[in-house]
Amino acid sequence: MIKNGHHPMNTTGKDAGTNLGATACSPEKRRRTIRVWCDGCYDMVHYGHSNQLRQAKAMGDYLIVGVHTDGEISQHKGPPVFTQAERYKMVRAIKWVDEIVEGAPYVTTLETLDKYTSDFCVHGDDITLTVDGKDTYEEVKRSGRYRECKRTQGVSTTDLVGRMLLMTKAHHSNIGHSDYQQHTDNFGKGPKGHSPWTGVSQFLQTSQKIIQFASGQEPQPGDTIIYVAGAFDLFHIGHVDFLEAVSRLSDKPYVIVGLHFDQEVNRYKGKNYPIMNVHERTLSVLACRYVSEVVIGAPYAVTRELLDHFKVDLVCHGKTEVHPDKDGSDPYAEPRKKGILHTVDSMNSLTTDSIVQRIIKNRLLFEARNQKKEAKEMAVIQAMKRREEEKGKERAQAVL
């Protein structure tokens, strides 16, 4: 059970000078709001993106996030999986974001930082390159208005695309399977790929990471406690629209999300679902501003004991199919009997399955995009190594 708290967003930017966390800051910090800029593609938003934005927000008071257009991404990187409208909505749903800028330029300049009165920009400790191999943050780095945060190990858009492409092959049971080895070879960690930024690695959950993502707010008097449950795999805008619709059912919603364990999800979804394991899904859901609390490994059936324990006022489910429990029973029988089951229409038909189909349909395009990205990164790494070797030689000669 992970408490998350409510995170309202200023979408208009009218209160940009207001420090929402002022009471926790020193008097010196309260006198001036530090405005932080982040930008990126934010394609297939995952907990790695959210963690970058969490770290960026911690460096200041007000976080502005610029999101690139489809055209810019296609020119410099290759076709995105999600449209720009979908990507804008996903970034808005991340609880640490105060404002987004649609159509931000791919190359970050001082002009952009000044336009949005940002003190500095923050990026992960990987590298972002233009179509001609130049560092997109070169100008702001030279000016001293650049800060770096740690990249989240174990996840990348590249890796997630690879996991989905496995669904067209034999079902794999562990990373020793030949299909998985083919995936790693194709997506950045095979015998030809050595980029530390594109490679596939294993995500290791820690209690500290969960604490960093969870806000820890208890239900308040007058809150409507709403319970929803599911896989929430590849957390996407379909989930966001559903959770936003759920939160609008009350003036003071306290939304609890029950996440099913991997084995349970695989039972009712089949294939090699879930694509993200329960630890990854936990962080993805915790990053959403519409979620107040997460139950890790929630029971599939919504029992009377669960309803009583959390003092649930309302149970919600979307318009997707409800799979029966192992014994064939209705998992929502208890809330249905109590008259507190509510069907919510998010007006969004996007599902995890449809995302997978997008990837499979454009398989060759995405493989080519990732191989191109890997090649550019390797070229930069080799150039950096050569510069370091030259500097070493110069230092050695100076000593002599």
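The axes of helix H4 (residues 84-92) and helix H10 (residues 237-247) come within 10 Å and cross at roughly 50°. That angle makes H4 oblique to H10. The crossing of H4 past H10 is left-handed. Keep in mind as you look around that this is a predicted model.

Which residues bring the two helices together? Glu86, Lys89 and Met90 of H4 meet Ile237, Val240 and Asp241 of H10. Sorted by class, this contact has 3 nonpolar residues, 3 charged residues and no polar ones.

## The protein as a whole

Let's step back for a moment. The protein has 16 helices and 11 strands. Of its 400 residues, 53% are buried. If you take the contacts between residues at least 6 apart in sequence, 78% of them join residues at least 24 apart.

## A second pair of helices

Two packed helices are described by the angle between their axes and the distance between the axes. Now try this on another pair. Helix H7 (residues 157-165) and helix H15 (residues 352-361) have axes that come within 9 Å and cross at roughly 90°. An angle from 65 to 115 degrees counts as roughly perpendicular, and H7 and H15 are therefore roughly perpendicular to each other.

On the H7 side, the contact is made by Val161, Met164 and Leu165, and on the H15 side by Ile355, Val356, Ile359 and Ile360. How do these residues divide by class? The contact of H7 with H15 has 7 nonpolar residues, with no polar and no charged ones.

An α-helix has 3.6 residues a turn, so residues three or four places apart point the same way.

Among the buried residues are Tyr47, His49, Asn51, Leu53, Arg54 and Lys57.

Leaving out residues up to four places away in sequence, lysine 57 touches Tyr62, Leu63, Trp96 and Asp98. Its C-alpha atom is separated by 9.6 Å from that of isoleucine 34, a residue 23 places away along the chain.

## Two methionines with positive phi

Methionine 44 lies in the loop between strand E2 (35-40) and H2. Its phi is near 50°, a positive value in a residue other than glycine. Methionine 347 also has a positive phi, near 65°, and lies in the loop between strand E11 (341-343) and H15.

Is each of these methionines buried or exposed? A residue counts as buried when its relative accessible area is under 20% and as exposed when it is over 50%. Methionine 44 has 5%, so it is buried, whereas methionine 347 has 72% and is exposed.

## A cis peptide bond

A cis peptide bond joins tyrosine 273 to proline 274, with omega at about 0°.

How values were computed: Residues are numbered from 1 along each chain as its sequence is written. This is a predicted model: local features need pLDDT of at least 70, side-chain atom pairs count only at pLDDT 80 or more; totals for chains, interfaces and linings use all residues. Side-chain values use heavy atoms; hydrogens and water are left out. Buried means under 20% relative accessible area, exposed over 50%, partly exposed in between (1.4 Å probe, protein chains only). Helices (H or I, at least four residues) and strands (E, at least two) are DSSP runs, numbered from the N terminus. Axes are lines fitted to C-alpha atoms, for helices over the stretch in contact, and angles run from 0 to 180 degrees between N-to-C directions. Angles under 35 degrees count as roughly parallel, over 145 as roughly antiparallel, 65 to 115 as roughly perpendicular and the rest as oblique. Contact means heavy atoms within 4.5 Å. Ala, Val, Leu, Ile, Met, Phe, Trp, Tyr, Cys and Pro count as nonpolar, Asp, Glu, Lys and Arg as charged, and the others, Gly among them, as polar. A crossing is left-handed if the near helix is turned anticlockwise from the far one by less than a right angle, and right-handed if clockwise.
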